Amino acid sequence: MTLIGLRRFIERQLHNRKRSFFEYVILATIGLFLGAIIKYPNRAFLTRARPDLKDKAVKGFPLLGNMPQMLKNSDDSLGHLHTAFKHFGDFFSLTIPLFGRVILVNTPEHFEHVLKTNFNNYIKGSIFSDQLKDILGRGIFVSDQEDWRFHRKTAANIFTTKLYRQLVSGAFQDTGLDLCSVLDRHRLLHRPVDLQEQFLKLTLDAFGKLTFGLEFNALTCEGPNEFGDAFDYLTANVDSRTSNPFWFLTDRVIPGKKRKLREAIGVLDRFGYMAVEKRRAETEEEREKRPRDLLDHFIHHVAEDGTKLTDVELRDVFVNFMIAGRDTTAQTLTWQFYLLMTHPRVMKNLVREIDTVFQDGHSYTYETMMHELPYLKAVFHETLRLYPPVPKNGQTFATLEALVTSCMLLQRYDLKLVPGQVPATPKPSVTIPMTNPLLTIVTARQ
């Protein structure tokens with residue numbers, strides 16, 4: 001009725017007198033707007049109708065689609081998704097301006113279809129790469145097809161059993177001891193420690209060494225960490241951009257954001273280029289004295305046409321692999337220890353297993369971690385099931401780091417949650433961090 005009345009009003013206005021060109025433009029604009037509303041009554045502008053998804057589509061607003069619901073539920077987007085899956089089942093559909101139609105899936109079979117069985121059919125595409133290219137460049141996170149396979153294959157060459165044995169006996173124990181030193185300081189001062197913060201520092205140090213041989217010393221140096229702070233700021237922006245179709249506007253409109261983004265990207269660039277420059281100038285003797293890392297494989301890679309990766313491409317490798325592994329491992333450790341502290345029976349059983357395996361000074365080895373700690377591995381994988389970080393194929397590196405760290409902490413300390421703190425809830429993010437700090441009381445085991 002409203003549209004009919006508006007049409008009659010326009011007809012009367014056109015009939016009454018001669019209109020100016022400007023008035024005709026206004027009337028034409030109104031007509032086009034109304035036509036668009038009729039064409040897109042419950043989905044975003046320029047999205048295609050999908051009658052086959054009628055029973056699986058969340059009803060949206062004319063032209064805006066489901067953008068208003070996203071904004072309304074931005075503080076609890078995970079809860080909103082959970083409610084939608086309960087209502088629609090294994091998958092449902094949304095439409096968002098500029099992003100187009102989005103289909104969300106929630107079963108292992110669908111994940112396998114997208115990530116493995118029919119992987120080549122599901123590219124990230126230009127929308128995703130345009131969002132993140134100033135931060136991630138052309139690395140594995142934003143690449144498709146042959147570029148993706150190149151990054152994946154080259155990285156796989158370093159993740160060997162030989163490397164894992166070296167990490168378990170070396171780097172993982174070194175960073176674990178650094179973490180124990182931090183916990184000891186808090187314990188002696190009778191001061192609670194935020195485990196989430198410390199696990200993020202732990203994985204920053206570990207992945208810095210593994211990727212480009214960089215020493216960030218996030219655990220051993222108190223106070224701000226230039227790289228860590230810049231990295232955290234940029235990963236938060238990666239999160240916000242993937243859920244904000246108008247990110248290119250908000251980045252410019254919010255006072256100071258564009259400058260801060262540029263400065264943070266500059267910090268990552270400086271560390272990446274510095275590591276590449278140092279490695280290119282390295283002598284054969286210096287190379288033999290240090291463990292091999294991801295940069296070794298990429299910097300010496302020769303393509304079929306005889307070319308090698310540029311400094312810019314190597315910088316992209318560094319940033320992408322840091323983002324792929326650092327936060328996911330830290331958040332899994334955080335949720336694992338939260339679950340252990342809220343389930344004392346499981347904690348008691350796990351400590352008993354660790355004490356049994358490592359009695360009489362039994363050392364940490366790759367074989368021990370992978371084959372002699374079934375209860376600890378079950379706890380770790382149950383944590384991944386309950387609080388899964390961004391999906392990735394092959395989690396041996398993250399698993400080993402988590403197992404070594406768990407053993408070192410549980411052999412030395414009793415850990416309890418600080419009473420009265422807000423119950424842990426997941427923050428909307430691809431890596432599912434905790435919304436608040438995980439404040440923990442640390443005491444030495446008797």
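1. Burial comes first. Of the 446 residues in this protein, 43% are buried, where buried means under 20% relative accessible area, exposed means over 50%, and partly exposed lies in between, with a 1.4 Å probe and protein chains only. Please keep in mind that this is a predicted model, in which local features need pLDDT of at least 70 and side-chain atom pairs count only at pLDDT 80 or more, while totals for chains, interfaces and linings use all residues. Residues are numbered from 1 along each chain as its sequence is written, and side-chain values use heavy atoms, with hydrogens and water left out.

2. Now the overall picture. The C-alpha trace spans about 100 × 55 × 45 Å along its principal axes. The protein has 20 helices and five strands; these are DSSP runs numbered from the N terminus, with helices being H or I of at least four residues and strands being E of at least two. Among contacts with a separation of 6 or more, 68% are between residues 24 or more positions apart, a contact being heavy atoms within 4.5 Å.

3. A word on surface and charge. The accessible surface comes to about 24,700 Å², and 59% of it belongs to carbon and sulfur atoms; such areas come from the Shrake-Rupley method with a 1.4 Å probe, and for residues only the protein chains shown count as cover. There are 58 positive and 51 negative charges, and their mean positions are 9 Å apart. Here Lys and Arg count as positive and Asp and Glu as negative, with His and the chain ends not counted; each charge is placed at NZ of Lys, CZ of Arg, CG of Asp or CD of Glu.

4. One stretch carries a database annotation. An unreviewed UniProt entry lists residues 21-40 as "transmembrane region"; its positions are given in the numbering used here, feature names are shortened, and annotations may be inferred rather than shown by experiment. In the model, residues 21-40 are 95% helix and 0% strand, with the end C-alpha atoms 28 Å apart.

5. What order do the three strands of the open sheet take? The order is 3-5-4, with antiparallel pairing. Strand 3 and strand 4 are the edge strands, each pairing on one side only. Two strands count as paired if DSSP finds at least two bridges between them.

6. The sheet can be followed residue by residue. Strand 3 (residues 193-194) is joined to strand 5 (residues 439-444) by two bridges: valine 193 stands opposite threonine 440, and aspartate 194 has leucine 439 as its bridge partner. Five bridges join strand 4 (residues 413-417) to strand 5, and leucine 415 stands opposite valine 442.

7. Arginine 445 lies in the segment after strand 5 and counts as partly exposed because its relative accessibility is 25%. Leaving aside residues up to four places away in sequence, arginine 445 touches Val351, Asp355, Leu410, Gln411, Arg412, Tyr413 and Asp414.

8. Finally, two loop residues have positive phi without being glycine. Leucine 63, with phi near 70 degrees, lies in the loop between helix 2 (21-39) and helix 3 (67-72). Is leucine 63 buried or exposed? At 17% relative accessibility, leucine 63 counts as buried. Asparagine 217 has a phi of about 55 degrees and sits in the loop between helix 10 (195-212) and helix 11 (226-242). With a relative accessible area of 32%, asparagine 217 is partly exposed.
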